Amino acid sequence: MSDTNAFVPLLLDWFAANRRDLPWRRSYDPYAVWVSEIMAQQTQMDRVVAYFDRFMDRFPDLASLATAEEDAVLKAWEGLGYYSRARNLLAAARRIVAAHGGAFPTSFEAIRALPGVGDYTAGAVASIACGLDAVAVDANVSRVLARVCDIDTPIKEAAGKARALELARALLPPGQAGAFNEALMEFGALVCRPKNPDCPRCPVAACCQARHLGIVADRPVLSKSKDIKPILVATGVLLHQGKIFIQKRLPAGAWANLWEFPGGRIEAGETPEAAIVREFREETDFTTSVAAKLGVIRHGYTFYRVTLHCFLLHLGGGNGAATPPEPALTAAQESRWVAPESLSRFAFPAGHRKLIDQLANSLWLA
Ligand code: SF4
């Protein structure tokens, strides 16, 4: 099981050793950090650096910006696009002079009230430049959290956004919010990239739920709400003489060559208990009986959402025979009886991996 508790220290250590030398990081002056964050709203960081230096040469401080003509500000912004950002910078600079005497505001609320500043930018400036314990969650940060913490709802919808915000607040180390937010952004840009995340060399891989579950390609979950199908499935952990029955899926189709506990879809009008007994008979020719319900696991994929009813099963003829019977496999290429502690050596689909993590703490297999 992965350990998200170690995530923040590992992330901060990685950032301390790998942070890019960006111009606004030399002083962390609030004006410079604010300008950089506004520029980065719709522009890649490597392009921001060149424009930032040019803008700061022209308007090196808040006073010079506040007294500038709009045409001059737009000229300095030329090439960056989304010119409303430049107009908002100018309007905000003038408001800071009028309302705060020219001193950059130092509360989250006052920063958030500036033209062109939303929750993310306010959190970034407040934490990075002012040392406030504020989170800054954008698409980059959401993606990292969706992978590390296995957010299985669409990340751009209200529930996914709320979960990312909640996790960021829970993980935020008091007094180090600026480094935490910068580290998350930098990590999302350089390692946990949108495409081709560098998992083999990832410094927080041991803490990453998505990697642990083998579902990095499914995180973050994208918004396809109309196409997301609910699927009801039953699965059974057949226990015999201290060993558990597992089978290896066929070499083609979904989850090819992964190991699994037998099971399958619950048919209309069928109870989950009846479904697992039927599925086991169809897939192995074993007659089983339900000894206990182990729980329900819900797991989201890109296009469907699985509700997995999990059962502990015994062989129908009792558990007396020392030698477990041979199955007649119809949905797998091979099978094994394995000790519970050996399950970690086999690759399982994510839903079954979650079940194994639960079983590790279960009295049923003790
Ligand atoms: S292991 Fe991969 S998916 Fe997980 S945090 Fe690292 S780079 Fe991202």
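**A first look**

The largest nonpolar core has 76 residues, and Phe7, Trp34 and Phe55 have the most contacts inside it. Helix α2, which covers residues 30-39, gives the most to this core: seven residues. Keep in mind that this is a predicted model.

**The cores**

- Take Phe55 as a way in: leaving out residues up to four places away in sequence, Phe55 touches Tyr31, Val35, Met39, Leu65, Val73, Ala76, Trp77 and Leu89.
- As general background, nonpolar side chains in soluble globular proteins tend to be buried together.

**The ligand**

- Where does the ligand sit? Look in the largest cavity.
- Around the ligand you'll find Arg147, Val148, Phe187, Cys192, Pro197, Cys199, Cys202, Val204, Ala205, Cys208, Arg211 and Val216.
- Sort the residues of that shell by type and you get ten nonpolar, two charged and no polar ones.

**A stop at Ser142**

- You'll find Ser142 in helix α9, which runs over residues 139-148.
- Is Ser142 buried or exposed? Ser142 counts as buried because its relative accessibility is 9%, and the cut-off for buried is under 20%.
- Setting aside residues up to four places away in sequence, Ser142 touches Val137, Ile155 and Ala164.

Terms used
Residues numbered from 1 in each chain as written. Predicted model: local features only at pLDDT ≥ 70, side-chain atom pairs only at ≥ 80, totals over all residues. Heavy atoms only, no water. Core = buried A, V, L, I, M, F, W, Y, C linked by side-chain atoms within 4.5 Å. Buried < 20%, exposed > 50% of the residue type's maximum accessible area, 1.4 Å probe, protein only. Helix = DSSP H or I, 4+ residues; strand = E, 2+ residues; numbered from the N terminus. Contact = heavy atoms within 4.5 Å. Near = heavy atom within 4 Å. 1 Å grid on protein atoms, 1.4 Å probe; cavity = no way out; pocket = protein on both sides within 12 Å on 5 of 7 lines; lining within 4 Å. Sits in = over half its atoms within 2 Å of the grid points. Nonpolar A, V, L, I, M, F, W, Y, C, P; charged D, E, K, R; others polar.
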